[in-house]
Amino acid sequence: MDLTGRAALVTGGGRGIGRAVSLLLARLGAPVALSYARDGAAAADTVRAIEAEGGAAVALEADLGRPGAADALVDEASRRVGPLRILVVNHGIWKRAPLLGMTDAEWRETLAVNLDGAFAVSRAAARGMAAGRSGAIVLVSSTAGQRGEADHSHYAASKGALLAFTRSLAAELAPHGVRVNAVAPGWVLTDMTRAALAGAGGAAAVARIPLGRAGTPEEIAGPVAFLCSDLASYVYGTVLCVNGGAVMAD
C-alpha cells in the first residue's frame with residue numbers, strides 16, 4: 001500500500017485506534033492531521049512518534065460535538081497538511097447509561113459527538129474531495145451498531161446510524177470519485193475499554209469472541225488503511241467486520 005502525498009485527517013487520532021491509524025497512514029506516506037477533543041498530550045505524543053519515523057503530522061484540537069467545529073477542523077487540516085484525500089472518522093464517546101435512567105442530556109451528548117460530528121466532518125471533507133474527484137472516507141462504527149448493546153443504547157444507535165450513513169454516502173459520492181466504507185470493530189483493548197474488559201463482565205465478553213481475545217488497535221488500523229488505499233479501489237459502501245468473529249454479519 002502506498003499513500004504517499006495523500007493528505008489525511010483522522011478524528012480522535014491521538015489515542016487507541018485513532019493513534020494506530022494515524023501511525024500506519026503516516027508510515028504509508030500520508031501527511032496526517034489528527035484531531036483531539038481533550039487529551040492534547042496524547043495527540044502531541046502521537047505526532048512525535050510519527051515524526052520520529054520520518055513522517056509528517058500535526059495535532060488539531062476540535063470538539064466535534066460542537067456546531068461549526070468540523071468545518072473549522074477540515075479547513076485547518078487542509079491548510080496544514082494539504083487538500084484532504086483521506087478522512088477516517090474515528091472519534092466517539094462510550095458512556096454507560098441504562099435506558100430507564102438515561103437523561104435527555106446523556107442521549108443528546110452521545111448522538112451529538114458520535115453521529116452529528118461524523119456527519120459534519122464527512123460533509124466538510126467530502127466537498128473538497130468531490131471538487132478534486134478523488135478521496136476515501138472510512139467511518140469507524142462498532143459491533144454495537146450491528147447487534148445492539150445493553151446499557152449503551154445511545155452509543156449503539158449512533159454506531160448503527162453510521163452504517164446506514166456509510167452506505168448512503170457511498171452511493172451518493174461514487175460519481176464524484178469518492179469512496180466511502182466503514183469498519184466495525186468489536187472489543188478492542190484501548191484506554192476507553194480497558195476498565196470494562198478488566199471488570200466482572202470482561203471475561204464473559206471475551207469468551208463470546210471465537211478468537212478468544214480482544215483485538216489490538218493495530219489490528220483495526222490495517223483494515224482501515226486498506227480501505228483508504230488503491231487496493232480497495234472497487235470497494236464501495238461495505239462494512240468490514242473486524243471483531244475476531246464476534247459478529248459474522250455485514
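Residues 24 or more positions apart account for 73% of the contacts in the protein with a separation of 6 or more, where contact means heavy atoms within 4.5 Å. The model is predicted: local features need pLDDT of at least 70, side-chain atom pairs count only at pLDDT 80 or more, and totals for chains, interfaces and linings use all residues. Residues are numbered from 1 along each chain as its sequence is written, and side-chain values use heavy atoms, leaving out hydrogens and water.

The secondary structure comprises 9 helices and 7 strands. These are DSSP runs numbered from the N terminus, with helices (H or I) of at least four residues and strands (E) of at least two. The radius of gyration is 17 Å, close to the 18 Å that the globule rule gives for 250 residues, so the protein is as compact as a globular protein of that length. The radius is taken over C-alpha atoms, and the rule is 2.2 Å times the number of residues to the power 0.38. Along the principal axes, the C-alpha atoms fill a box of roughly 45 × 35 × 35 Å.

Of the 250 residues, 49% count as buried. Buried means under 20% relative accessible area, exposed over 50%, and partly exposed in between (1.4 Å probe, protein chains only). The accessible surface comes to about 11,000 Å², and 55% of this belongs to carbon and sulfur atoms. Areas come from the Shrake-Rupley method with a 1.4 Å probe; for residues, only the protein chains shown count as cover. The protein has 23 positive and 22 negative charges, with mean positions 2 Å apart. Lys and Arg count as positive and Asp and Glu as negative, while His and the chain ends are not counted. Each charge is placed at NZ of Lys, CZ of Arg, CG of Asp or CD of Glu.

The count of aromatic pairs comes to 1. W94 and W187 form this pair, which is edge-to-face, at 5.9 Å centre to centre and 85 degrees between the planes. Rings of Phe, Tyr and Trp (its six-membered ring) pair if their centres lie within 6.5 Å; planes under 30 degrees apart count as stacked, over 60 as edge-to-face and the rest as tilted. The pair links distant parts of the chain, 93 residues apart. W94 lies in the loop between strand 4 (84-89) and helix 4, and W187 in the loop between strand 6 (178-185) and helix 7 (194-198). W94 is buried at 17% relative accessibility. W187 is partly exposed at 22%.

T190 is also found in the loop between strand 6 and helix 7. T190 is buried, at 10% relative accessibility. Beyond its neighbours within four places in sequence, T190 is in contact with G16, I17 and P217.

E61 lies in strand 3 (residues 57-61). E61 is exposed, with a relative accessible area of 59%. Leaving aside neighbours within four places in sequence, E61 contacts Y36 and A37. E61 and D39 are 22 residues apart in sequence, and their C-alpha atoms are 9.0 Å apart.

Most residues other than glycine have a negative phi. R133, not a glycine, has a positive phi of about 55 degrees. R133 sits in the loop between helix 4 (104-132) and strand 5 (135-140), and is exposed at 52% relative accessible area. D151, likewise not a glycine, has a positive phi of about 70 degrees. The loop between helix 5 (144-147) and helix 6 (153-173) holds D151, which is partly exposed at 32% relative accessibility.
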